[in-house]
Amino acid sequence: MSAVFLGVRHHSPACARLVERTIEELRPAHVLVEGPADMNARLDELLLGHELPVAVFSHYRDGQRAATSWAPLCDYSPEWIALRAGRAAGAEVRFIDLPAWHPAFAERTNRYADAEVRYAEATERLCRHFAVDSSDALWDRLFEVEPDNGLAARLDAYFALVRGDAEADSGDRAREAYMAAWVRAAVAAAGEGPVLVVTGGFHQPALRVLASSGGDRGSDAHGWALGADGWPEVPAPPEEAQAGSFLVPYSFRQLDAFAGYQSGMPSPAYYQQVWEAGPRAAADALLRVVVERLRARKFPVSTADLIAARSLAEGLTALRGHPRPARIDVLDGLAGALITDDLDRPLPWTTRGTLTTGTHPAVVEMVAACSGDRVGRLHPATPAPPLVHDVAAQLGRLGLDGGGGSSYRLDLTDAADLERSRVLHRLRVLGIPGHGRTAGPEHGIDPVFTERWEPRPSQGREAALVEAGAYGASLAEAAAAALTERTQGVAAGADALAEVLFDAVLCGVGTLSEQLLTELVARTGELKAVGPLGDVLATTLGLWRHDRVFGVARGPLLAAVIDGATERLLWLLEGARGGPGVDLPRLRAVVAVRNAVLHAQELLAVSRPTVAGIALRISRDADAPIDLRGAAFGMHRALGGSPGASGDPAAAVRSVAAAGADALGDWLAGLFALARDEVTGEAEGGGDRSGAESLVDVLDSVVCALPDHDFLSGLPALRQAFAFFPPRERERIAGQLLRRRGVRGSSRTLLRTTADPLVIARAGALERNVSRLLSRYGLGAAP
């Protein structure tokens, strides 16, 4: 007997009813379902008493790629009905599609992604013909609101049209060839018994053709090897790869197309009502729920509004020729009755995609009512990945299983609390909901030794733990893999590497894999932006020099990153080009290089004299940014470059001032960022160095000699440069300026003016202009 093919749309109540009726009438010997063939040995697990929706979560990881995907099932999924009703009818039930790890699913996170979305040309023509806005509205018009009589024939015609205009990609072709091998094997095994094949409708026309040829006992005619039992062998992942599948709870929110779901019907709560009670009852329920939600949020909805919405929905149903209300009839009726404002964007049910910022609040509530808040629940006997058990054991051992409402204050100098902190941070980097850190150290040299963790909403925690099991069997291993993946996903120039590094420390660097070290070093060598790379170096150097709490001081992980980041930064800085302005992240990067040379020279492949020479070249490079030239001048002096090579700071100030006050301010910002103590003469422990006062004298003379216009235009840059000095040093400089003018008084008074210095300078310039005008016309000065 030949096979009976049912092409369906995933998550369609109409298709689910058709599958159920067909099994009751056909009583097939075999029911073959589009789904991962590697789950066939675990169908009993799938058919435990779960509360749907649930999903088969699959993961794959090797040296080249990592992938995860989901195959969701809800009450009205035709695949679920085929499994459940097929078992009840005594049929042999099997999944027949390739495993989710297979390259055929590359770049696809959802097995049940409807082909109408991926191959849209035919559906676009049908939408124009039937005057509807989207493939979802088209589907409702043709199938969900129409009577079930003749449904199978309409589905066949629809999917033949969709497939006839589209060429399948290589992934779909590979899947279809494999599914066809299962169909041929089932027909051969069934003898005279019927074989029912339930797959996405896009695949149905190809499967009819591919399944018509046969094979011998050892292999399928199309090359798929057959096992001893006569069924196609299930491809196994490479030996070096990690792959597996587990059941996870799913939610209507995750199923909804408005939340970004790749497949199936949008508005899952609405279609749950269609499945349970039919389109008319679903329309009435949607009207009621939307009004209840709007009133609960103080949105004014009167009884007259509800009557108007119902009347509009009924009128649109009749006008559009629908025998029963469709989803868009109800939503359009609600929108017409409740929204009086002008909308600046199309209503979201006319297309697919997530809601955008600024969507009308009534529309948001309509979409939320259609989506629903149902969350699936797994049967207690469902197997879980090892990570779930490891997390439960660790939380219990450390006293962190006090429930979602518990807060934790941790002393990081205490060994037990430090271990608790590491466990909570590992859960955080894996994205496990339940707790969030509200206080604690923020970077490698932050002198904070306590943390506070507060409870957070824990919805989805069970599913998140199962999905995190793709990273490893233990919490430490999984956190290491997740951090390594973050380094691999960082684009060159991104600033996330420093965060990854500090997260690695917070999670307990001693437990992290060598792969993370390799990735960090490799990614450091690829960064193209100076600022982010400087953050990496500063964080790493701070941890290497000062950390004792986390146990990573002088660690090899940090040493390798310090060396690589320093060398890369020197190369990037020497090639930097740019105009005026101060790039603060770049200046912080130069500071990090200086500190690495001063405090971690033994880690660096580049010598201190070599770095000083590079700084000297940059300081003299007329094409280099002016602030970087000042910073390089300061770094050369800080590293003790050859005597007299960099020149006298006072002479350098006069030379730069010739280019204008703006350039002087930018150059001084770079200089003060790197060599404030060396240039101003404030030695550690107090006192002055020779040459300090002469530099202040030079700056005072240069600034006082500036014309008013130049001074005003350059004042912001000069103020920014002196912002590098802490208050005590600014007070010291102010005292020198007062003494230079023979003025007695407190320098604090000079610094603590309540007015903006720029406003004061402009006011002084205005007064001088007025005085000159008065004198010019012989009016004298104002009394």
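Is Ser135 buried or exposed in this predicted model? Ser135 counts as buried, because its relative accessibility is 16% and the cut-off for buried is under 20%. The legends below begin with this residue.

View 1. Ser135 has its place in helix H6. With neighbours within four places in sequence left aside, the residues in contact with Ser135 are Arg9 and Cys127. The relative accessibility of Ser135 is 16%, so the residue counts as buried.

**View 2. The antiparallel sheet of strands S8, S10 and S9.** The sheet is open and consists of three strands in the order S8-S10-S9, with antiparallel pairing. The edges are taken by strand S8 (408–411) and strand S9 (435–439); each has a single partner strand, so one side of each lacks a neighbour in the sheet. From one strand to the next, the twist averages 30°. Strand S10 (residues 450–455) is joined to S8 by four bridges, and the two run antiparallel.

View 3. Helix H17, made up of residues 415–429, lies across S8, S9 and S10. The helix runs at about 125° to S8.

**View 4. The salt bridge between Arg437 and Glu451.** In this pair, the closest N and O atoms are 2.8 Å apart. Glu451, at 1% relative accessibility, counts as buried.

**View 5. The salt bridge between Arg21 and Asp148.** The two side chains meet at 3.3 Å, N to O. This pair links distant parts of the chain, 127 residues apart. Arg21 is in helix H1 (residues 13–26), while Asp148 is in the loop between helix H6 (135–144) and helix H7 (151–164). Arg21 is partly exposed, because its relative accessible area is 26%. Asp148 also counts as partly exposed, at 26% relative accessibility.

**View 6. The salt bridge between Arg320 and Asp329.** Here the closest N and O atoms lie 2.7 Å apart. Arg320 is partly exposed, with a relative accessible area of 30%, whereas Asp329 counts as buried at 0% relative accessibility.

**View 7. A network of salt bridges.** Glu34, Asp97, Asp172 and Arg175 are the residues linked in this network. For the structure, the count of salt bridges comes to 29.

**View 8. Cys370 and Cys507.** Cys370 has 0% relative accessibility and therefore counts as buried. Cys507 likewise counts as buried, at 0% relative accessibility. How many disulfides does a search of the whole structure find? The search finds zero. A disulfide is a covalent bond between the sulfur atoms of two cysteines.

How values were computed: Residues numbered from 1 in each chain as written. Predicted model: local features only at pLDDT ≥ 70, side-chain atom pairs only at ≥ 80, totals over all residues. Heavy atoms only, no water. Disulfide = S-S within 2.5 Å. Buried < 20%, exposed > 50% of the residue type's maximum accessible area, 1.4 Å probe, protein only. Pairing = 2+ DSSP bridges. Axes fitted to C-alpha atoms, helices over the stretch in contact; angles between N-to-C directions. Contact = heavy atoms within 4.5 Å. Salt bridge = Lys/Arg side-chain N within 4 Å of Asp/Glu carboxyl O.
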